[in-house]
Amino acid sequence: MPNILAYLMLALWPLICLWMFRRMPIERALIWSVLGGYLVLPPDTYFHLPALPVDKFAMASIVPFMICVFVMKRRIPLLPESAPLRVLSVVFVFSIIPTIMNNGEQVFLVHNPFGAALPPLPGLGYKDLVSLMIGQAVTLLPFLMAREILASPAGLRELLVALVVAGVAYSLPALVEIRLSPQINVWVYGFFQHSFEQMMRSGGFRPIVFLPHGLWAALFFFTALLSAAALTRDAPELRQRYRMVTGYLGVILVLCKSYAALGYGLLLTPFALLGSPKLQLRIAILLATLAFTYPAMRAAQLVPLDGIVSQVAQLNVDRSRSLDFRFINEELLMERARQKALFGWGSWGRGLIYDPETGENESVTDSRWIIVFGNYGWVGYVAETGLLALPLLLLGWHRRRHPGAMSPYAAPVAIIVAATLVDMTVNATLVPFTWLCAGAVLGHAERIAARTANEPVPDGSPPDAENPAGAAEPATRRRAKRRRTVL
């Protein structure tokens, strides 16, 4: 159970964020409000408000948005420029309505033959509609803020630098847990947030610190490693420093004992070090496309599950058994989800599988894709994953139309989003900072697209009298001057 310090940290986070926005450039303050909240606020700790339980993820999304709009007076457009992304944004929030309408009935777990029955899972109603729609809207806030504030090359570089600084700082408590066992959340917030047995690997421990699981920690250190590798190509006077940090973070990633995150590091870090931004973006688009189509390929039985398990068995038999169990469990959950394939089963665990005799939950929902597919169906899955993947495709499209316009910092951020999408096929590692990165990529793509609209007309006059500099101003802000669809 969380101690008083855990609730105090959640309560004080708005003041900490306000201090950062007063003292830092808005780009840096936004990044650290989201990233800092994710890294240091207590997990599994909630303020139970009437329509929305506020945890570290909600706090790291709502607080910066409120400060940006009401304190910093920044306009945050509610919809992207791209028509497909506008549709996906609306569907992401409002597809909850048909989900609720399609789940008004109770779900009975089991009936005792002697007459006693376990309490059924409730049907969904108006309270669930309000709660789920607010939750979806809150999820999008980092995406919308980053699209407006972090779209510039400076904003993208701030993202990478913040990940490197946070990775080095977070490595200190991580090393303590690797050596002594995961105890820092217990020491600070008074409880352990997950199964301790899952933090034991290869005769030692893997760190978790204040994150939901050790896999989340490993994925975070991968993003820090990739960022450091990308920044080795920055200013010459900083290259040697970033190379040393890259090597150090690589060691930390190995010590995290996560095969998936280590695989991402081994595969993608060389591209960040040596590959051109064009090649990096192509790799990101390929990974995002594979991740987006993964459920459809699973449904069509095009994924060689047995072959994947056999390959993992050559590395670690225990891990291959765990992966095989996960695949079997996902097949059962997919069968259940197909009963309401379009809009899903909604909340309250209605889409899980229960023992017909005892009513106990037999499901293990590790992967983000199966969670979304079960809860919100194909419509919800396409909306969520499309909002994360489509900005990468747009960036690739506009880069081809305007060669040389893409910032070299955009490609590593795109790889981070793509790697997270791939990880979501096996883990539920989607966090507000992922949305922040995706929004920054989208905003940068829109800035590149705006160059066409800002090209001088034949008489040489500027295309926009209010913005003679043309491409220096985001397309979102120019659009905001013409319509009032912003806060």
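My cut-offs, with a 1.4 Å probe and protein chains only, are buried for under 20% relative accessible area, exposed for over 50%, and partly exposed in between. I was working on a predicted model, where local features need pLDDT of at least 70 and side-chain atom pairs count only at pLDDT 80 or more, while totals for chains, interfaces and linings use all residues. Residues are numbered from 1 along each chain as its sequence is written, and side-chain values use heavy atoms, with hydrogens and water left out.

I placed glutamine 106 in the loop between helix H5 (96-101) and helix H6 (126-149). For the names, helices (H or I, at least four residues) and strands (E, at least two) are DSSP runs, numbered from the N terminus. Leucine 121 is 15 residues from glutamine 106 in sequence, and their C-alpha atoms are 5.6 Å apart in space. Setting aside residues up to four places away in sequence, I found glutamine 106 touching Pro120, Leu121, Pro122, Gly123 and Arg350; contact here means heavy atoms within 4.5 Å.

**Nonpolar cores.** Which residues have the most contacts inside the largest nonpolar core? I noted Leu150, Leu159, Leu268, Leu392, Phe433 and Leu436, in a core of 143 residues. By my definition, a nonpolar core is a set of buried Ala, Val, Leu, Ile, Met, Phe, Trp, Tyr and Cys residues joined through side-chain atoms within 4.5 Å. Helix H9 (residues 214-231) gives the most to this core, with 15 residues. A second, separate core has five residues, among them Val107, Leu109, Leu121 and Tyr354.

I then looked at leucine 150 itself. Leaving aside neighbours within four places in sequence, leucine 150 has contacts that include Glu27, Leu30, Ile31, Leu159, Leu436 and Ala440.

Tyrosine 376 lies in helix H15 (residues 368-401) and counts as buried, at 15% relative accessibility. Leucine 342 is 34 residues away from tyrosine 376 in sequence, with 7.5 Å between their C-alpha atoms. Beyond its neighbours within four places in sequence, tyrosine 376 is in contact with Ile96, Thr99, Leu132, Leu342, Phe343 and Gly344.

Histidine 398 is also found in helix H15, and it is buried, with a relative accessible area of 11%. Alanine 449 is 51 residues from histidine 398 in sequence, and 5.9 Å from it in space, C-alpha to C-alpha. Not counting residues up to four places away in sequence, histidine 398 touches Ala445, Ile448 and Ala449.

**Serine 33.** I found serine 33 in helix H2 (residues 26-40), buried at 0% relative accessibility. Apart from neighbours within four places in sequence, its contacts are Trp13, Cys17, Met20, Phe21, Ala60 and Pro64.

**Cysteines.** How many disulfides does a search of the whole structure find? I got zero, taking a disulfide as a pair of cysteine sulfur atoms within 2.5 Å. For cysteine 68, the closest cysteine sulfur is in cysteine 17, at 9.8 Å, too far for a bond. Cysteine 68 is buried, with a relative accessible area of 0%. For cysteine 437, the closest cysteine sulfur is that of cysteine 68, and 16 Å is too far for a bond. Cysteine 437 is buried as well, at 2% relative accessible area.

**Positive phi.** Two non-glycine residues went into my list. Serine 181 has a positive phi of about 105 degrees; it sits in the loop between helix H7 (153-180) and helix H8 (184-189), and is buried at 7% relative accessible area. Valine 209 has a positive phi of about 55 degrees. I located valine 209 in the loop between strand E4 (204-205) and H9, where it counts as buried at 1% relative accessibility.

**A helix pair.** Last, I checked helix H12 (residues 277-299) against helix H14 (residues 317-337): their axes come within 11 Å and cross at roughly 80 degrees. The contact is made by Tyr294, Pro295, Arg298 and Ala299 of H12 and Phe327, Glu330, Glu331 and Met334 of H14. Axes are lines fitted to C-alpha atoms, for helices over the stretch in contact, and angles run from 0 to 180 degrees between N-to-C directions.
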